[in-house]
Amino acid sequence: MTTASIHARHLRLTLGRTVVFDDTELQLAPGWRVGLVGPNGVGKSTLLRVLAGRQPVDAGTVTAMPSDATVGYLPQEPDRRDDESVAEFLGRRTGVTAATAELEAATAALAAGDSGSDDRYADALDHWLALGGADLDTRTGPVWAELGLPERVLDQAMATLSGGEAARVGLAALLLARFDVFLLDEPTNDLDLDGLDRLERWVTDQSAPVAIVSHDREFLRRTVTHVAELDEFTHRITVFAGGWDAFLTERETAARHARERYEEYADKKQTLLGRAQREREWASQGLSRAKKKPDDNDKNIKAFKINQTEQLAGKAARTEKAIERLEVVDEPREAWQLRLTFGETARSGDVVVRLTGATVDVGDFRLGPIDLTIGAAERVAIVGRNGSGKSTLLDAILGRRELSSGSRWFGPGVVVGELEQQRVQLRGEGTLLDEFMAATGLTIPDARTLLAKFGIGAAEVTRATSSLSPGERTRTVLALLMATGTNCLVLDEPTNHLDLPAIEQLEVALESFRGTVLLVTHDRQLLDHVRLTRRLQLDAGHVVDDSPVG
């Protein structure tokens, strides 16, 4: 069992004018599986990069114990390089390639008799062995077979892989890795149900500390032992022990208690302020009457009344002191929430699309033949393993791929609004604002206002669209769907890169949408929460089940 741990202390980081961390702390101990949550843009991915030593901070420390503990970082989007094969990607992701290079350099230094080369060689060899460099090739075969990946894929360039293939290759790299600490950024993206099951088993079997950023609520429920919530206002972390359900309960309880404490403080302060004001007014009025309109000329009575007003003034002063002594309780701040609705156009005709004997050939993969009719206002979930043909079917339905045989008929009144898997609708050379205005026809003020509702602020709209994070790209496309009317929503893995509140808003928006919905997702809770009328299951390019739901 690994005894490695990692501890971030007093982290401070400002990027531009944005405070990311402010005296932020997080510990990852052996056996801890920590779900790192918070709204999009709060700094979760940045924190993983800091823990991995890939992002410097303004202040604070990250300490690994032991000091030579290896830290593996799985970024949110695998960098698919044109000049890198899948086998080379595995070596890089597992750390074996870098360890091999260091071992070769240490061996050369040892052969040359360099000073200290014996210690360098011993350290390099230990590191290479610890990362599994000695048997990486031997271990790759069984993992490859378990994940259903063809052997030929090892020689392919990473850039040629489909989203599902890249997801499985990323999972393979994770299963082959032998790091002492694992940092996983959205590891469930694009994985099918079998892949999710395998990933869950791998995570729960780990004795090494694991930190996970994920949008998949069911995955978090099944895997994490702790939840670390990064607050967007304080820029600090609160850790909840006991797993996902315990976190939801404790967070709700904490929020209720915070609201109750503030309301109690506000009520008490308001009561004291009112009392002080009345006492001051009574004292002022009493003194004025005593001096200007005495009941008689008796100076003792006059002095008594003046003394009474002074006592009231003293009471007011004591009340104001009591206000100053109150322990100030700040009002709980409400986090920004996405308010999502889909723009709608007039209803389409009764038939949205019809495929008759349709086949599509993509390399050595064939989709079909498929006979399929989708009617207006149907809500269809398209499910299946990675590589079963879901994205290819969407391409055939939308006419993006030419049919090898058969026919496709698309309703003339159908207006498609799409959230495709790579979120590339706005990937031109201009700024986000320019691209968004060109796509929607909105004026500058209206475009800025709408994007701001999706958490895309003034700093983001002037950036190149290619520089946006995956979460920003996803919210931008959702804003596009809100601005442009549609009667047929096509959503391919819509929860990827969305935070948990935004996913809940997506569910609400889908519930109220009256048009046709074609949904491809591996998010189990989304499938359970969204109202569906039909479930279409694919396997190896064929429809193996087409059943009504509900």
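Colleague: What makes histidine 10 partly exposed?

Modeller: First, a caution: this is a predicted model. Histidine 10 has a relative accessible area of 43%. Buried means under 20%, and exposed means over 50%. The 43% of histidine 10 falls in between, so the residue is called partly exposed.

Colleague: Where does histidine 10 lie?

Modeller: Histidine 10 is in strand β1, residues 5–15. Its phi is positive, about 50°, although histidine 10 is not a glycine.

Colleague: Which other residue has a positive phi although it is not a glycine?

Modeller: Glutamate 186, with a phi of about 50°. Glutamate 186 sits in the loop between β6 (181–185) and α7.

Colleague: Why is glutamate 186 called buried?

Modeller: Its relative accessible area is 8%. The limit for buried is under 20%. Glutamate 186 is below that limit, so it is buried.

Colleague: How do you know whether arginine 198 is buried or exposed?

Modeller: Set the value against the cut-off again. Arginine 198 has a relative accessible area of 17%. That is under 20%, so arginine 198 counts as buried. Arginine 198 lies in helix α7, residues 193–205.

Colleague: What does arginine 198 touch, leaving out residues up to four places away in sequence?

Modeller: Glu146, Leu147, Leu171 and Leu175.

Colleague: Why does aspartate 395 count as buried?

Modeller: Aspartate 395 has 15% relative accessibility. Aspartate 395 belongs to helix α11, residues 390–398. Not counting residues up to four places away in sequence, aspartate 395 touches Arg400 and Arg401.

Colleague: And threonine 253: what makes it partly exposed?

Modeller: Its relative accessible area is 26%. Threonine 253 is in helix α9, residues 244–292.

Colleague: How far apart are threonine 253 and glycine 349 in space?

Modeller: They are 49 Å apart, C-alpha to C-alpha. In sequence, threonine 253 and glycine 349 are 96 residues apart.

Colleague: On to the nonpolar core. What makes a set of residues a nonpolar core?

Modeller: The members must be buried, of nonpolar type, and joined through side-chain atoms within 4.5 Å. The largest such core here has 85 residues. Leu90, Trp144, Val169, Phe182, Leu184 and Phe342 touch the most other members. Helix α6, residues 163–176, gives the most to this core, with nine residues.

Colleague: What does valine 169 touch, leaving out residues up to four places away?

Modeller: Val86, Phe89, Leu90, Trp144, Leu149, Val153, Met158 and Leu161.

Colleague: Which residues of helix α2 are buried?

Modeller: In α2, residues 86–93, the buried residues are Val86, Phe89, Leu90, Gly91 and Arg93. Their cover includes β5 (71–74), α3 (96–111), α5 (136–146) and α6. Just after α2, glycine 95 takes a positive phi of about 85°.

Colleague: How do you know that the peptide bond from methionine 65 to proline 66 is cis?

Modeller: By its omega, which is near -5°. Proline 66 is in the loop between β4 (59–65) and β5. The bond from glycine 368 to proline 369 is also cis, with omega near 5°. Proline 369 is found in strand β11, residues 365–375.

Colleague: Now the whole chain. Why is the protein chain called more spread out than a compact globule?

Modeller: It has 17 helices and 18 strands. Its radius of gyration is 31 Å. The globule rule gives 24 Å for 550 residues. The value is well over the rule, so the chain is more spread out than a compact globule. Along its principal axes, the C-alpha trace spans about 115 × 80 × 45 Å.

Colleague: How much of the protein chain is buried?

Modeller: Buried residues make up 47% of the 550. The accessible surface comes to about 26,500 Å², and 49% of it belongs to carbon and sulfur atoms.

Colleague: What share of the contacts with a separation of 6 or more joins residues 24 or more positions apart?

Modeller: That share is 70%.

Colleague: And how far apart are the mean positions of the positive and negative charges?

Modeller: They are 10 Å apart, for 65 positive and 84 negative charges.

Key
Residues are numbered from 1 along each chain as its sequence is written. Side-chain values use heavy atoms; hydrogens and water are left out. Buried means under 20% relative accessible area, exposed over 50%, partly exposed in between (1.4 Å probe, protein chains only). Helices (H or I, at least four residues) and strands (E, at least two) are DSSP runs, numbered from the N terminus. Contact means heavy atoms within 4.5 Å. The radius of gyration is taken over C-alpha atoms; the globule rule is 2.2 Å times the number of residues to the power 0.38. Accessible areas come from the Shrake-Rupley method with a 1.4 Å probe; for residues, only the protein chains shown count as cover. Lys and Arg count as positive and Asp and Glu as negative; His and the chain ends are not counted. The place of a charge is taken as NZ of Lys, CZ of Arg, CG of Asp or CD of Glu.
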